[in-house]
Amino acid sequence: MSENFKVTIDNITVEVAPGTTILEAARKVGGAVAPPTMCYYSKLEGSGGKCRTCLVEVSKGSEKDPRPMPKLVASCRTTVMDGMEVKNITSEKVPDARAGVTEFLLLNHPLDCPVCDQAGECDLQDLGYEHGKEGTRTEFPRRTFAPEDIGPYIQLHMNRCILCYRCVYTAEQLTERREHGVLDRGDHSRISTCIKNSLDNEFIGNVIDVCPVGALTDKTFRFKNRVWFTKPLDAHRNCSNPNCCGEVRLWMRGDEVYRVTARKDEWGEVATASNGKTGWICNECRFDKKDTKDWVIEGPTNINRHSVISQGHYAGTEGTAGKAEKLIDKVIGQEPKYTLDIHSVSEVNKPSVHLDRIPGPAHSNDFK
Amino acid sequence: MKLLLEKAHIEGIRYYDTYRKNGGYSSVEKALKMSPDEIVEEVKKSGLRGRGGAGFPTGMKWSFLAKPEGVPRHLVCNADESEPGTFKDRYLMEFLPHLFIEGMIISSYALGSNTSYIYIRGEYAWIPDILEQAIAEAKEAGWLGKNIKGTGFDCEIYVQRGGGAYICGEETALIESLEGKRGNPRIKPPFPAVQGLWMRPTVVNNVETIAAVGPIITMGGDEYAKLGAGRSTGTKLISACGNLNKPGVYEIDFNLSVEEFIYSDEYCGGIPNGKKLKACIPGGSSVPILPANLLLHESNGNKRLMNYESLSEGGFQTGTMLGSGGFIVLDEDQCVVRHTMSLAHFYNHESCGQCSPCREGTGWMYKILKNIEYGKGKMEDIDLLWDIQRRIEGNTICPLGDAAAWPVAAAIRHFRDEFEWHVLHPEEAQTRNYGLAHYAEPRTIVAAQ
């Protein structure tokens, strides 16, 4: 047993085992110190290094060799050294480089969030909000690809793809035969099946969960609902497939199950299941079991994500976006702009009653 | 001083018999009597630097090779010479295949590689046949195969054709391609010296580097180190092209001045039609372009020499790089904007698409440059270009991002007024080039921004 390495990230020191990447060490610290990731997926071997959003500055190489690294490094693929000092949010260069990468990723992205099923739980949206600029500097038509049908379950929107290669690694590591990959080169490279083929392996549905954007979405959920209207519940069933953990998240509206996904951890990755393995689920659980009778429901899911998805769910439950009062506090101070003042045209409610400040739906008692 | 091309003009030197009669393979004879470590030591002493572009000391690269017990090691020769303006390796392989094979055998022996590979670009369609013939001849004469000349060392050399991708000249992408995969560069570390071809320790060297190993063994590392200037030892092949009276491949001494190389009759013979020199890219398309005044003289007024140190004098503010030796000369009639656009198009086309800054940024730069060239540019576009290249450089997996960013950066740094002229005179720029007499005569150096 070799001793643990001490790494200082943004002036916070953590101890990690040798061979840990800077990113994993930063995730141990947590919060804003953890760099954003678009292509790295800790559950997929070989992933990472491609999107360049996790670039960090290494201001001190190690205790033995204190020279700083000349370039920014991809934290997801750089292992720590003893005594290494890393600057992420405290660096001067990193935010600029990250804004650059965000701009590059959004350069040819269609920005069709209003019709995209991923909207609300999209890593690229989060990245854009946190690190992007408000305007675009490009004036060229965006790159487009011809639509392609890749099977009965999965919808491919190549225009939205950021080429993270996660789905390629997923297919390679979860299924026996990978049937899709990256074709062509440069800015016209695309995810495709080359020979027209449908992706129908029993575990291929997991590519939907690993996709950071809306490039691969669930055909059974397509255009049915917005993710922020559906409420997540943890549930499980005894799946006959030995490789499927059967532990899922149901996305419900009313009594209806709209969507089934794997459970995800705080970094947006498929979480570890109770059997200790990564909680990948099979196609049967994901696409066919859309009835509450099929599932044993454990309870509402706590979601900790800086995303629209965490707004409004089970307000008041610990671990979600916060208590109802907090949500209202957020609204106050931002003073929403009214396009029409309801009080000038209606006599129903009094101007003294602020509908947006009433916790929960308005009741006739509120207007008395 | 000619080392590599000394025998290039002997008739039939391409064939084994003629080559052997003219003293060929004597270096292998000498090398096989030495121990592998002694050869590595000789190469280290010679100060030979990688001729592919980066100029990393070859002896040092060889000594980094991991030697775990029971794991085969490989030597891979990078003959994927795709850098625009570079065609020196083609000359070597086409006319002196045995000199190259000789270097391959010695290097394989020194590194303990029993299976070595030559990865050659697909566009050189006829050269693999020449190399395979040379390998067959060498094998027949006993220089390759099992138990070479009774030393107990086995070596096979295989020639692999590439599919015509620029990116496969990057060593890890080359290894991926050689393994039969998509030619995407790997993320380093691990470096090929530890985990390369089939995850085994691998050394990847340029053709010219390997060809130079033969003469080094023949004359000894110390003698070789006496040639050249400072840390640039030996000789270098320069492939000169563009507006020159005598374009071609020249073997130069590192003490040669750039001015002499361009204007003397022994080398390129000056610029045709009495035109003036405007700019030059001395090391293949990826290195920064230099205007005539900065090209001929260093910032301290000394003559600029054709070597690693002198050409990179002053960093990218006033210098450039020797790179792979693809010497591209532009006369006063050439348009730097158009030239930069065509390079940007090349890098856009050749980006592998793996990491985002290079995939998206190269295409964006090309589109902006196209707008400027065709009279649709705006003044802000020039600053935008600068900003894009700054965010690509250094933030990518492999050096292709840097290679795409540097030409654009240098063109704006040194020829900004030409870009501005294009923006201000869109109509005129379509029919005529920016006069450029401004750069034709060496002028006093204004500190670059």
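Start just past helix α17 of chain B: Gly394(B) has a positive phi there, about 80 degrees. Helices and strands here are DSSP runs, H or I of at least four residues for helices, E of at least two for strands, numbered from the N terminus.

Some ground rules. This is a predicted model, where local features need pLDDT of at least 70 and side-chain atom pairs count only at pLDDT 80 or more, while totals for chains, interfaces and linings use all residues. Residues are numbered from 1 along each chain as its sequence is written, and chains are lettered from A and ligands numbered from 1 in the order in which they are written.

Now the helix itself. α17(B) covers residues 379-392, 14 residues in total. From first C-alpha to last it reaches 21 Å, close to the 20 Å expected at 1.5 Å a residue. That expected span is 1.5 Å times one less than the number of residues.

Which residues of α17(B) are buried? They are Asp381(B), Leu385(B), Ile388(B), Gln389(B), Arg391(B) and Ile392(B). Buried means 20 or more other C-beta atoms within 10 Å of the residue's own; exposed means 12 or fewer; partly exposed is in between, with C-beta atoms placed from the backbone. Look down the axis of α17(B): the buried residues fall within an arc of 160 degrees, so they line one face of the helix. The arc is taken over directions from the helix axis to the C-beta atoms. Turned away from that side are the exposed residues Met379(B), Glu380(B) and Asp383(B).

What do the buried residues pack against? In chain B, α16 (356-373) and α18 (400-424); from across the chain boundary, α2 of chain A.

That brings us to the interface. 25 residues of chain A and 24 residues of chain B make the contact. Contact means C-beta atoms, placed from the backbone, within 7 Å. On the chain A side, helix α2 (residues 93-107) gives the largest share, six residues. By class, that side holds twelve nonpolar, six polar and seven charged residues. Asp, Glu, Lys and Arg are charged; Ala, Val, Leu, Ile, Met, Phe, Trp, Tyr, Cys and Pro are nonpolar; the others, Gly among them, are polar.

One last stop. Cys335(B) sits in the loop between β11 (326-331) and α15 (336-350) of chain B. Cys335(B) is buried, with 20 other C-beta atoms within 10 Å.

Notes:
Two residues are in contact if their C-beta atoms, placed from the backbone, lie within 7 Å.
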